[in-house]
Amino acid sequence: MSVAEAMPAPTRELVLTAQDLSVTFDTPDGAVHAVKGVSLDVAAGECLGIVGESGSGKSQLFLSIMGLLASNGAAAGKAQFKGADILNLSPQALNAYRGQKMTMIFQDPLTSLTPHMKIGRQLIEVLTIHQELTRGEAERRALEMLEKVRIPLAARRMNQYPHELSGGMRQRVMIAMSLLCDPDLLIADEPTTALDVTVQAQILDLLRELKDDLGTAIVLITHDMGVVAGICDRINVMQHGTFVETGTTDEIFYRPQHDYTKMLLAAMPRIDEPAKAGPDIAPPDTVDTDGPPLLTAQDVKVHFPIRTGGLLFGQYTPLRAVDGVSFSLQRGETLGIVGESGCGKSTLARAVLQLVTLSGGSVVWAGADLAAKSKPQIRDLREEFQIVFQYPLASLDPRMTIGESIAQPLRRFKPELEPEAIKAEVRGMMVKVGLEPRWINRYPHEFSGGQNQRVGIARAMILKPKMIVCDEAVSALDVSIQAQILKLLLDLQKEFGLSMLFISHDLSVVRQISHRVMVLFLGRIVELADRDQIYDDPRHPYTQTLISAVPIPDPVKERAKVRLKLPGELPSPLDPQAGLYFMPSKRVDLPDPPPASFEPYQPRLEEVTPGHFVAEHDPYTPPQT
Amino acid sequence: MIFPWNRRTATLMEEAADVEGRSLWDDAMRRLRANKLAMGSLYTLGAIIILALFAPLISPHAFDKVSFICGQILAPPTMAGFHPFGTDGAGRDLFVRTLYGARISLAVGLIATSVALTIGILYGAIAGYIGGVVDNVMMRIVDVLYAVPFMFFVIILMVVFGRNFVLLFLAIGAVEWLTMARIVRGQTLSIRKKEFIEAAEAAGLGRLQIIARHVIPNVIGPVIVYVTLTIPAVILAESFLSFLGLGIQEPLTSWGVLIAEGKDELETAPWMLIFPAIFMAVTLFCFNFIGDGLRDALDPKDR
């Protein structure tokens with residue numbers, strides 16, 4: 001029985017209702033109807049999920065209710081907050097509601113906080129404006145709220161600036177700020193999209209508690225079916241400005257009616273059941289196991305000097321972004337590299353491609369040590385290894401047509417080709433990645449993210465390289481587009497016997513596409529094994545925690561899931577002993593600053609079963625939440 | 001009956017319609033056209049340039065000859081003998097002289113700005129893109145040159161090489177490029193961090209190729225705006241030098257020279273100051289409004 005069914009209908013105390021609400025934008029290309037007459041309601045103690053892909057109008061719907069539309073937008077229809085009409089009120093009238101009775105938190109917690117004000121002052125300002133508290137009372141209340149959202153050392157945080165906090169901490173501060181005046185309604189717009197999975201799990205737990213303990217009504221706007229599964233009571237699926245399906249969470253997940261809902265559920269990568277994505281999306285049988293490895297990384301280190309003090313000449317401490325990583329890659333193999341932000345996965349990729357300078361170790365490409373080669377020699381080798389970037393629009397030159405961008409590697413490596421031949425090859429490649437060849441003269445800003453990512457893949461593939469590195473190549477895309485791009489990469493791998501380094505923070509996607517998976521933590525490998533081995537039998541506490549934090553788009557499983565927690569505060573990457581986080585028994589007490597000659601104990605990789613490597617760690621059972 | 005060429009034309013037209021798309025430049029032009037102030041300035045400036053180019057050819061007077069039709073120095077504006085702006089202290093027609101001055105002032109503005117533009121873009125892009133020690137050394141050189149007083153620099157040039165028309169362009173250009181280099185360097189620093197530069201590196205391009213193909217085209221937007229602000233600054237600088245007697249020599253003239261002469265006759269013949277001053281002020285306003293319009297039009301946030 002679902003939560004909604006358990007709640008007798010008459011007791012629902014409606015907090016927010018909207019009838020026939022529409023939002024129209026006046027643009028140079030004519031009127032754009034972002035929201036086309038939708039109705040919804042949210043009751044106290046209830047969580048409503050609004051699910052849809054980018055451009056579905058889900059954010060604009062709630063921005064219009066909050067009176068935050070851009071100046072060329074207009075809202076029509078009816079929206080009521082506890083029976084009072086609030087749509088299109090003057091800002092002065094709306095301020096009686098927003099910020100205190102209804103609040104909104106956004107995706108990027110850094111841009112939502114004022115950078116030059118200390119956390120404490122920002123919180124106190126909200127209280128003094130809305131509640132006329134004295135400074136002492138306001139300070140006490142702010143501190144209390146920071147503790148409520150489980151910010152460790154809350155009193156110290158009050159005196160810190162937003163940039164001193166991690167992404168997860170900032171989002172907690174935002175939630176604390178929105179809760180200061182005991183709101184009846186909290187609108188969360190993609191609150192966890194920019195956060196790591198373990199942090200996302202904590203924020204979702206926090207929202208769930210708010211709903212249950214304080215009876216706050218919550219609207220959760222997201223593109224991620226996994227996020228809504230565990231927390232929402234009801235879900236509205238939004239596409240092209242209308243709700244295509246509404247229902248309880250169980251109805252949506254187990255008895256979807258609309259094709260779009262079914263498509264969303266099918267496209268969602270499943271960490272628990274990778275086979276659900278179908279036979280098309282699985283690593284193909286292309287690995288050349290007998291030949292010599294195509295790429296070998298041996299004890300790769302990349303250290304960045306970070307200025308930590310000193311006056312004129314400064315004192316520098318190395319930031320160990322990548323600290324002794326070794327692996328090898330066969331022809332036709334996909335190695336997935338996962339880890340949370342700051343674990344060094346992107347730096348590792350750039351080190352392998354020689355886009356950053358190694359501080360130690362070596363990279364051997366097809367039998368030749370790249371360190372021995374000069375810069376022009378490496379430039380000539382770039383024909384054989386290419387990279388696909390995370391943000392499709394940022395990785396294309398805005399002043400070049402997509403045809404020119406795709407042709408660029410060709411012009412560099414095959415200067416003998418005639419312009420007509422180059423054009424023909426570009427067109428051929430465009431067809432292969434699913435772009436219309438007649439778009440050859442268009443500019444990147446005319447395309448969607450998915451289409452631009454296809455351009456990026458076409459550019460990487462045009463020289464038929466032996467290896468491509470995908471650095472979060474599908475992370476910025478909608479799930480349906482993500483599935484298409486994954487299929488495209490797998491098809492290309494089958495056709496050309498391509499090797500791939502697939503870097504992602506998304507463990508579900510990595511499971512779908514990789515032959516082997518490597519987990520990084522603070523620049524070091526903690527576990528490396530075959531794809532099924534690592535997910536079915538994770539040995540390292542960090543891997544176990546990561547896997548348990550991934551939301552599963554299945555409400556029953558998600559509610560029943562046991563989540564593991566990491567011990568204590570995460571270490572600063574500048575701490576030379578950060579690598580001993582899971583092995584505190586080997587830590588030694590150091591003076592501050594630590595002597596430059598100090599070399600901490602390096603946990604070794606142990607082969608627990610053939611092909612399954614786990615970093616040494618103290619026996620540790622992660623606490624459950 | 002289907003003619004094969006008909007079908008071919010049809011597909012070609014179809015392709016053309018598809019290919020067109022809206023480029024960044026089209027977008028910018030559309031926004032610029034919507035800006036009435038900028039467009040009005042553009043037309044006014046065009047009219048001044050056409051006048052400066054052609055009016056002296058059709059006028060009955062020469063810029064350096066005393067006019068005897070009227071036979072009078074310091075004549076007020078009169079249509080008798082066609083002296084719409086009057087004559088100056090030597091009896092020369094002021095209308096022709098003002099337009100000759102426009103030729104010189106606009107030429108100084110455009111040529112000195114081009115000198116500044118070329119040096120500034122190359123210098124700034126190289127310093128910003130290569131970075132590190134190279135950047136530090138190159139920008140400290142700029143700082144040192146900034147510290148040299150402009151007038152002192154020009155006077156030394158004049159003393160060493162003598163008063164020379166071309167030297168004027170070079171002297172002004174050599175000072176204006178410093179700011180241009182700083183602007184381009186700043187823009188390059190932000191562009192260097194973009195992923196598409198890394199993509200070009202990963203595609204095997206060398207430094208100079210990346211600067212030429214990716215960095216410079218992307219700094220052009222802010223640079224164009226700065227150029228339209230530099231041209232008036234250069235015209236003012238030339239006026240200033242001529243005013244002090246370091247610029248253009250008689251009988252050639254520029255707006256700065258005319259204004260300097262006009263100020264001496266302010267009480268007896270105010271038209272000698274008023275007409276060149278109006279032309280100069282209108283031109284400077286035009287360049288500034290066009291600069292504002294271009295800045296708004298090229299701002300991608302407006303899209």
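**Legends to close-up views of chains A and B**

**View 1. The contact between chain B and chain A in the predicted model.** The contact takes 22 residues from chain B and 25 residues from chain A, two residues being in contact if their C-beta atoms, placed from the backbone, lie within 7 Å. On the side of chain B that touches chain A, the elements giving two or more residues are helix 1 (4-20), helix 8 (195-202) and helix 9 (207-243) of chain B, where helices (H or I, at least four residues) and strands (E, at least two) are DSSP runs, numbered from the N terminus. Helix 8 of chain B provides the largest share of that side, seven residues. By class, the side of chain B that touches chain A has nine nonpolar, six polar and seven charged residues; Ala, Val, Leu, Ile, Met, Phe, Trp, Tyr, Cys and Pro count as nonpolar, Asp, Glu, Lys and Arg as charged, and the others, Gly among them, as polar. This is a predicted model, in which local features need pLDDT of at least 70 and side-chain atom pairs count only at pLDDT 80 or more, whereas totals for chains, interfaces and linings use all residues. Residues are numbered from 1 along each chain as its sequence is written, and chains are lettered from A and ligands numbered from 1 in the order in which they are written.

**View 2. Helix 16 of chain A and its two sides.** Helix 16 (residues 419-432) of chain A has 14 residues and reaches 20 Å from its first C-alpha to its last, close to the 20 Å expected at 1.5 Å a residue, the expected span being 1.5 Å times one less than the number of residues. Within this helix of chain A, A:Val426, A:Met429 and A:Met430 are buried (20 or more other C-beta atoms within 10 Å of the residue's own; exposed means 12 or fewer, partly exposed in between, with C-beta atoms placed from the backbone). These three residues lie on the same side of helix 16 of chain A because they cover an arc of only 105 degrees around the axis, the arc being that of the directions from the helix axis to the C-beta atoms. A:Glu420, A:Ala421, A:Gly428 and A:Val431, on the other side of helix 16 of chain A, are exposed. The cover over the buried residues of helix 16 includes helix 15 (402-413) and helix 17 (449-461) of chain A. Just after helix 16 of chain A, A:Gly434 takes a positive phi of about 80 degrees.

View 3. Not counting residues up to four places away in sequence, A:Val325 touches A:Ala297, A:Val300, A:Leu348, A:Arg524 and A:Ile525. From C-alpha to C-alpha, A:Val325 and A:Val433 are 33 Å apart in space, and they are 108 residues apart in sequence.

**View 4. Residues 1-8 of chain A, with the confidence of the chain.** The mean pLDDT of chain A is 85, and 94% of its residues reach 70 or more.

How values were computed. pLDDT = per-residue confidence, 0-100.
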